Every structure is written in structure tokens, then in C-alpha cells.
2 protein chains.
Amino acid sequence: MSKNGCVKSERHVLLTRYLAGNPFLTDEDLAQVLGVSIQTIRLDRAELDIPEMRERVKKMARGAYRNLRSIESTEIVGELVTLEVGREGLSILTVTEEMTLRKTKVLDGRYLFAQANSLAVSLIDADVVLTGTAKTSFKRPVFRNEKVVARALITRKKGNKYMVRVSSHVRDELVFQGKFLVFDLSEEVNRLENSP
Amino acid sequence: MSKNGCVKSERHVLLTRYLAGNPFLTDEDLAQVLGVSIQTIRLDRAELDIPEMRERVKKMARGAYRNLRSIESTEIVGELVTLEVGREGLSILTVTEEMTLRKTKVLDGRYLFAQANSLAVSLIDADVVLTGTAKTSFKRPVFRNEKVVARALITRKKGNKYMVRVSSHVRDELVFQGKFLVFDLSEEVNRLENSP
């Protein structure tokens, strides 16, 4: 145990609190924050019955995909991690070489757009949802093997229109921002289908 | 020959003029406009040594792809038809079922974005070009088998920044509009590579 480490019971409280705030913290991250070895963190997790990061995310993701209504799971770009329909969601895109432009080795902007757009649509609690407008800003180039964490939030609703804001980060750096105006067209489609 | 058809020499002049204005007119389109049969149009083309639409477009496309500098040909979404680097370009995307969303049968917006974005980048006469911001508007849903014709035009240049406007149509209907601010970063990259 490092000198900086606190006693086990305190550490267990802190560890649980940190993971509730950010389930993506790895054992390495936790060891650094709490000033103990990675082995100590592993033992703590075992005692607290907390699975490792990969397992935690997988478990959250299974729940997230079950909540989907407006879009098919295969149409989500990136991995959906959390989804609270009507409110907010989060997905992670791991950049592979095929997604990068050959000349610049930079992630093709269409993937950042598609990750954000598909996440924005997934937030809407309706069967027929389409994007109306999107204002997007590419803040810094993203490279192979980086993980892009996109967070989307419904910030306004007026009738059948929703404003969804998406911010995408690589670690703590903002790489993309978008404002998507999405429409719930379910009623319109119903009306068309039931009209003579 | 239809009663509405004009005499052959006049027709040849008109046909040549129409095709100069819009090389995508099919024999069916031309027959309708000129009030003659499709067979007549084919004979006219043969006499004037004008290949059929598909061939005309292919020929233009070969030239267009040769002009590419800022992006690889495989990274262009849609088929590049004309490209005048530093000025304007045109591409056509034929919507296949895989590109449509399963719930709504509508073309996934990411394809319209990617067609427009890749075309915008292709206009810039530089080796390192990245998109900074994009304001996009999805005007009407696009469906399977429709052909989306995107036209991009550089409307402003300031230093290493270019404003590119893209309008995408299915026949005469506007389906997408976008304003892309793209950056030529070649100098910056050169400076970084040559700095000690």
C-alpha cells in the first residue's frame, strides 16, 4: 500500500462514489486517484463485487440497447453505453484505421457526424424520427485508436421538435460539438396512413 | 415522328444545347422535351456522335477523378461527375436499401452529409484539408433508388479558410443544403514537419 493511500473502508466509499460518477474509470485511473496500487484496486473491486471496467460498460450497454425505439441498434454508430430515452445518452466510438482519411490520417468527419446524429435520434421516444437541421463543429482532429465519447442531451422540446446537443470528447478534449434539431413525425405518418 | 417535333437540323441544335446545359438528360427526357420518339433521339445522337447518358457521365467522371488532390477517390461518397478544383464540383449518389433506415425507409442523413462533405473537401487545391464547421439542413426525406445530385461551390476564401455551399437535389427537389467551412492546413503541417 502506498503512503498516500487512505484506509480501506474510506477507500471503498470513495471508489464506489467515483465509479458512480464515471463508470469508465479503469483500475489504472482509480489506482492513480486513490494513491494505491492496481492490485489493491482489484482486491477492492472483488470485495465490493464490482466488475472490471469492460464488464461494467458491457452491462450498461445491454440495458441501453434495450431502451432503443426510434432507431435500430445496428444503425447506432459507436457503442451505445447509456440511454435514458427522453433525456440523454452516451456512446463510444473506437477509431479504426478504415475510418481515417488516407492523406491526413485523421478520422473522417462523417463518423463524428453519424455518431452524434444517431445518438440524437435515439433519445426521442417515438417510432418515426428524422433529423431536420444540424450545426456541427469539428474542434480537433481525431486519430486512429482514440476513443470518442459522445454525450447527447435533449435541451428543448417544442411540439414535435427536439433540440439535442451533442459533445464528443477524446479523454478531456472536446473534439466535436453539434446541435441537432430532430422531428418526431409519428403523428404525421399515422395521419397519412389513416387518411382515405 | 411526332407532329410536335421540329425539323431535324433545328432539333440537332436544340439537343446539343440541352445536353451542354444538363449532361444528365436521358434519351427519354430529350424525347419528351423535343416531342419526338426515343428512337429519333438515338438516331440524332448517332449522327451527332454523342454517346448515351451513362457513357457521357462516365467520360466526365474519369476526368473529374483525375483532378482530385485533397481526398482519395475512394473517400468520395457518391460518384464524382465534374470537378473544377478551386471552384465547383458535382457528384451523384444512388440510394441503395442498405443506406436507408429500417424504421422509416428514409436515407440515413449521414450519407447526405458525407456526400456533401467529401465533395466540399475535393474542391480545395491542397494536400491537407479538414472540415471545421458544417451547417446542414435536411429538406425532405430521400428514398431508395432515388439519385441525389450534389453541387458544391466555393463561395468565399479568406486566408486558408474556404466557405463551400452544397445543394443536393433529387430531380428538381432540394433535399439537402449545407455550408461547410473547410481549412487548408498544408502550410501548418509543413511548418510542423520542418520545425526542429
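**Exercise 1.** How much space lies in the largest pocket?

*Solution.* Start with the ground rules: this is a predicted model, where local features need pLDDT of at least 70, side-chain atom pairs count only at pLDDT 80 or more, and totals for chains, interfaces and linings use all residues. Residues are numbered from 1 along each chain as its sequence is written, and chains are lettered from A in the order in which they are written.

Next, the pocket: an open set of points on a 1 Å grid over the protein atoms alone, where a 1.4 Å probe fits, with protein on both sides within 12 Å along at least five of seven lines. Its volume is the space filled by probe spheres set on the points, which are joined across faces, edges and corners. That comes to about 990 Å³.

**Exercise 2.** Find what lines the largest pocket.

*Solution.* Step two: H4(A) hands over the largest share, 5 residues; helices here are DSSP runs (H or I) of at least four residues, numbered from the N terminus. Step three: sort by class to get 10 nonpolar, 5 polar and 13 charged (Asp, Glu, Lys and Arg) residues.

**Exercise 3.** Now do the second largest pocket.

*Solution.* Its volume is about 810 Å³. Of its 26 lining residues, B:Phe24, B:Thr26, B:Met53, B:Ile92 and B:Lys147 lie nearest the centre. H4(B) gives the most, 5 residues. The classes split into 8 nonpolar, 5 polar and 13 charged.

Conventions. Side-chain values use heavy atoms; hydrogens and water are left out. On a 1 Å grid over the protein atoms alone, a cavity is a set of points where a 1.4 Å probe fits but cannot get out, and a pocket is an open set with protein on both sides within 12 Å along at least five of seven lines; lining residues have an atom within 4 Å of a point. Helices (H or I, at least four residues) and strands (E, at least two) are DSSP runs, numbered from the N terminus.
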